[in-house]
Amino acid sequence: MAHGAKDILENCHVVPELKDALEGIQYLVGTTHRRRDIRLPQPVPAREAAQTVATISQDKQVALLFGREDFGLSTDQLSLCQLAASVPMATKNPSLNLAQAVQIFVYEVFVASLDEYPPSELDYAEVNALEEFYGRVTRLLDKVGMSPYNREWETYLKSLRRVFSRAPLESRDIATLDMIFSTTFRYIERLEKKLESEQ
């Protein structure tokens, strides 16, 4: 599958964790052949996803995320993505190996890139910045005593991502929301210190 692409293989970048691979990425497309969780978006066809990639990647950093050969992407990994995509299949139990899936998606992105699209006007927040933001939100919620069922923060995070993903979050959106949450967090800390000093 890699005939004539030795330079790509030799120059591939290997990182210890997914978040390292997503450094600087502003739009993430996850690939899957089935919908695993109702909190996740329904996958769109690869061709439709390719048009989105061709549009946004004109001046933004876009990545396609593929899972392991044996079981694909996990639900947690898919929940990081702004878009889920799949290759439509005629069979009841579709199956593609990783090399085939990559080849199809890359081909669709190549073909879509031959057309002209108006560049996206949105300044998408980076994927890692979004995750850091969600972390600050959950810390604030924990600070005020809110606890999800069975303290399953990862499950709650999926719902939180779904709420905020209904409209693309830009960098300035994160800054605006951060001001609200960080100011609230600092206010609570000041109250705690005041109560401690009065005891």
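Student: Let's begin with helices α6 and α7. In which hand do they cross?

Tutor: α6 passes α7 in a right-handed crossing. This is a predicted model, by the way.

Student: What angle do those two axes make, and how close do they come?

Tutor: They cross at roughly 120 degrees, and the axes of α6 and α7 come within 11 Å. The two helices are therefore oblique to each other.

Student: Why quote an angle and a distance together?

Tutor: Two packed helices are described by the angle between their axes and the distance between the axes.

Student: Okay. Which residues meet between α6 and α7?

Tutor: From α6, the residues are Glu131, Phe133, Tyr134, Val137, Thr138, Leu141 and Asp142. From α7, they are Trp153, Tyr156, Leu157, Leu160, Arg161 and Phe164. By class, the contact of α6 with α7 has nine nonpolar residues, one polar and three charged.

Student: How does α6 pack with α8?

Tutor: Helix α6 covers residues 127-143 and helix α8 covers residues 171-198. They pack at an angle of about 30 degrees, with their axes 10 Å apart. That makes α6 roughly parallel to α8. Here the crossing of α6 past α8 is left-handed.

Student: And which residues make that contact?

Tutor: On α6, Leu130, Phe133, Arg136, Val137, Arg139, Leu140 and Lys143. On α8, Ile174, Leu177, Asp178, Phe181, Thr184, Phe185, Ile188, Glu189 and Glu192. The α6 contact with α8 divides into nine nonpolar residues, one polar and six charged.

Student: New topic. How many helices and strands does the chain have?

Tutor: It has eight helices and four strands. Along the sequence, the pattern runs α-α-β-β-α-β-α-β-α-α-α-α.

Student: What order do the strands take in the sheet?

Tutor: The order is β2-β4-β1-β3, in an open sheet with parallel pairing.

Student: Why is one side of β2 and of β3 left without a neighbour?

Tutor: Both stand at the edges. β2 (44-45) and β3 (62-65) each have a single partner strand, so one side of each is left without a neighbour in the sheet.

Student: How many bridges join β1 and β3?

Tutor: Four bridges, in the parallel sense. Strand β1 covers residues 27-31.

Student: What stands opposite leucine 28?

Tutor: Alanine 63, in β3.

Student: Back to helices. How do α3 and α5 cross?

Tutor: At roughly 55 degrees, and their axes come within 8 Å. Helix α3 is residues 46-56 and helix α5 is residues 98-113. α3 and α5 are therefore oblique to each other. α3 passes α5 in a right-handed crossing.

Student: Who makes the contact there?

Tutor: α3 brings Ala46, Arg47, Ala50, Gln51, Val53 and Ala54. α5 brings Phe105, Glu108, Val109, Ala112 and Ser113. The contact of α3 with α5 counts seven nonpolar, two polar and two charged residues.

Student: Where is confidence lowest, and where is it highest?

Tutor: It is lowest in helix α7 (residues 153-164), at a mean of 82. It is highest in β3, at 97. For the chain, the mean pLDDT is 88, and 94% of its residues reach 70 or more.

Student: Last one. What box do the C-alpha atoms fill?

Tutor: Roughly 70 × 35 × 30 Å, taken along the principal axes.

Notes:
Residues numbered from 1 in each chain as written. Predicted model: local features only at pLDDT ≥ 70, side-chain atom pairs only at ≥ 80, totals over all residues. Heavy atoms only, no water. Pairing = 2+ DSSP bridges. Axes fitted to C-alpha atoms, helices over the stretch in contact; angles between N-to-C directions. Parallel < 35°, antiparallel > 145°, perpendicular 65-115°, else oblique. Left-handed = near helix turned anticlockwise from the far one by under 90°. Contact = heavy atoms within 4.5 Å. Nonpolar A, V, L, I, M, F, W, Y, C, P; charged D, E, K, R; others polar. pLDDT = per-residue confidence, 0-100.
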